[in-house]
Amino acid sequence: QVQVVESGGGLVQAGGSLRLSCVASGRSSPITYMGWFRQAPGKEREFVATISWRGGSTNYADSVQGRFTISGDSAKNTVYLQMDSLRPDDAAVYYCAAGRNLERWYSASYYLSTMYDFWGQGTQVTVSS
């Protein structure tokens, strides 16, 4: 089983920055990609960003492109989300997820939550206006 643990959430003013961290650990077939999703109250969970451990390729939701940066260490199954220029509509619970089947990622299905095998409990990000 794999455990996914996020950290780094908190309260920040609009325009500020936060950095989220996530580690996936445990026995499993190799993790080949990781990603971040978020869910605001009353809304569905939505894709934020993802990174493939093959070459470090990344993809972002249009709403965060240019403001958020995903990075990570494949050897440690650790992923980060640097969030800059935060806006009130970025406030949500942010979830880290990990996947094993890289063919899913390269099929351009990385934005679907069902493509990820393991999930963290989430970390709250609050943005004050």
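Helices (H or I, at least four residues) and strands (E, at least two) are taken as DSSP runs and numbered from the N terminus. The model is a predicted one, in which local features need pLDDT of at least 70 and side-chain atom pairs count only at pLDDT 80 or more, while totals for chains, interfaces and linings use all residues. Residues are numbered from 1 along each chain as its sequence is written, and side-chain values use heavy atoms, with hydrogens and water left out.

L112 lies in the loop between α1 (102-109) and β10 (118-119). Accessibility is given as relative accessible area, with buried meaning under 20%, exposed over 50% and partly exposed in between (1.4 Å probe, protein chains only); L112 counts as partly exposed because its relative accessibility is 32%. In sequence L112 is 66 residues from E46, and the C-alpha to C-alpha distance between L112 and E46 is 8.3 Å.

A nonpolar core is a set of buried Ala, Val, Leu, Ile, Met, Phe, Trp, Tyr and Cys residues joined through side-chain atoms within 4.5 Å. The largest such core has 40 residues, of which M34, W36, L81, M83 and Y94 touch the most other members. Strand β9 (residues 92-99) gives the most to this core, contributing five residues. With contact meaning heavy atoms within 4.5 Å, and leaving aside residues up to four places away in sequence, M83 touches G16, S17, L18, L20, R67, F68, Y94 and V125.

Rings of Phe, Tyr and Trp (its six-membered ring) pair if their centres lie within 6.5 Å, and planes under 30 degrees apart count as stacked, over 60 as edge-to-face and the rest as tilted. By this rule there are nine aromatic pairs. One of them is the tilted pair of F37 and W119, with 5.1 Å centre to centre and 55° between the planes; this pair links distant parts of the chain, since F37 is in strand β4 (residues 33-39) and W119 in strand β10, 82 residues apart. The pair of Y110 and Y111 is edge-to-face because the planes stand at 85°, with the centres 6.2 Å apart. Ring pairs link Y33, F37, F47, W105, Y106, Y110, Y111, Y116 and W119 into a cluster.

The accessibility of four of these residues is as follows.

| Residue | Relative accessibility | Class |
|---|---|---|
| F37 | 2% | buried |
| W119 | 25% | partly exposed |
| Y110 | 18% | buried |
| Y111 | 46% | partly exposed |

A charge sits over a ring if NZ of Lys or CZ of Arg is within 6 Å of the ring centre and within 35 degrees of the ring normal. The charged end of R45 sits over the ring of W119, 4.9 Å from its centre, and that of R19 over the ring of Y80, 4.0 Å from its centre.
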